[in-house]
Amino acid sequence: MRRLLGPRLEELTGAHVSGEIPLTEAVLNRVIAERLAASETPVESAVLQVRAAGELFVRVKLRRPAFAPPVIIGARVEQQPDLPRSAVLGLQWWLPGLGALAALAAPALSFLKAGPPWLTMDGQRLLVDLARLLREQGAAELLTHLSSLHVGTREGAVLVRFALDVRGGETS
């Protein structure tokens, strides 16, 4: 898009673009695998499965101990970004199928606290700072033009709905 539109969105003053981008499991899992391969994280692999109603499940395999079984983490979108006030996406997470053992297993998930700087863990909540993520990806300029952003799911894909409004500078 940057090649098509140019490096400065302000040159498109008056433009309004809205749409929906389906980020499929295949795309997301490829990105996750590439990031894990290039990092020193305690996570050996993570495979994402996306369900309807804002639910995601991640099958996480830790590097050590090698005998540890994979852990499945469920998450549900519970807080949408409220632009321009807040660009934070909130997810509630849980450990499905563990029942009372979930309380014992939760401390083993401390690797989530050592994740990328745009991801923070607050108890049973994961907070995704989309502004920080966009800056990390070299796309911070988009945030100044986003008028709405909504993250949802359908079976097999995360759906990113957005509206982008390019306003010109103030004239006197």
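## The nonpolar core

Of the 32 residues that make up the largest nonpolar core of this predicted model, Leu56, Leu91, Val128 and Val158 touch the most other members. Such a core is a set of buried Ala, Val, Leu, Ile, Met, Phe, Trp, Tyr and Cys residues joined through side-chain atoms within 4.5 Å, where buried means under 20% relative accessible area, exposed over 50% and partly exposed in between, with a 1.4 Å probe and protein chains only. The element that gives the most to this core is strand β2 (residues 43-50), with 4 residues. In soluble globular proteins, nonpolar side chains tend to be buried together.

Valine 158, apart from its neighbours within four places in sequence, is in contact (heavy atoms within 4.5 Å) with Ile21, Pro22, Leu23, Leu28, Val50, Leu56, Val151, Gly152 and Thr153.

## Basis of the model

This is a predicted model, in which local features need pLDDT of at least 70 and side-chain atom pairs count only at pLDDT 80 or more, while totals for chains, interfaces and linings use all residues. Residues are numbered from 1 along each chain as its sequence is written, and side-chain values use heavy atoms, with hydrogens and water left out.

## The chain as a whole

The chain has 5 helices and 9 strands, and from the N terminus on its elements run α-β-α-β-β-β-β-α-β-β-α-α-β-β. Helices (H or I, at least four residues) and strands (E, at least two) are DSSP runs, numbered from the N terminus.

Of the 172 residues of the chain, 34% count as buried. The accessible surface, computed by the Shrake-Rupley method with a 1.4 Å probe, comes to about 10,700 Å², of which 60% belongs to carbon and sulfur atoms. Among contacts between residues at least 6 apart in sequence, 46% join residues at least 24 apart.

## The open sheet

An open sheet is formed by 6 strands in the order β2-β3-β4-β5-β7-β6, with antiparallel pairing; two strands pair if DSSP finds at least two bridges between them. The edge strands, each pairing on one side only, are β2 and β6 (119-122). Direction ignored, neighbouring strands of this sheet are turned by 30 degrees against each other on average.

Strand β7 (residues 125-129) pairs with β5 in the antiparallel sense over 5 bridges, and in β7 the bridge partner of valine 88 is aspartate 129. Antiparallel β6 and β7 are joined by 4 bridges, and leucine 119 has valine 128 in β7 as its partner. These two strands, β6 and β7, form a hairpin with 2 residues between them, and glycine 123 in the turn has a positive phi of about 65 degrees.

## An aromatic pair and a buried asparagine

The structure holds 1 aromatic pair. Phenylalanine 57 and tryptophan 94 form this pair, which is edge-to-face, with 5.7 Å centre to centre and 90 degrees between the planes. Rings of Phe, Tyr and Trp (its six-membered ring) pair if their centres lie within 6.5 Å, and planes under 30 degrees apart count as stacked, over 60 as edge-to-face and the rest as tilted. Because phenylalanine 57 lies in strand β3 and tryptophan 94 in strand β5 (residues 88-94), the pair ties together parts that are 37 residues apart in sequence. Phenylalanine 57 is buried, with a relative accessible area of 10%, whereas tryptophan 94 is partly exposed, with 22%.

Asparagine 29 has its place in helix α2 (residues 25-37) and, at 18% relative accessibility, counts as buried. Leaving aside its neighbours within four places in sequence, asparagine 29 is in contact with Ala46, Val47 and Leu48.

Conventions:
Axes are lines fitted to C-alpha atoms, for helices over the stretch in contact, and angles run from 0 to 180 degrees between N-to-C directions.
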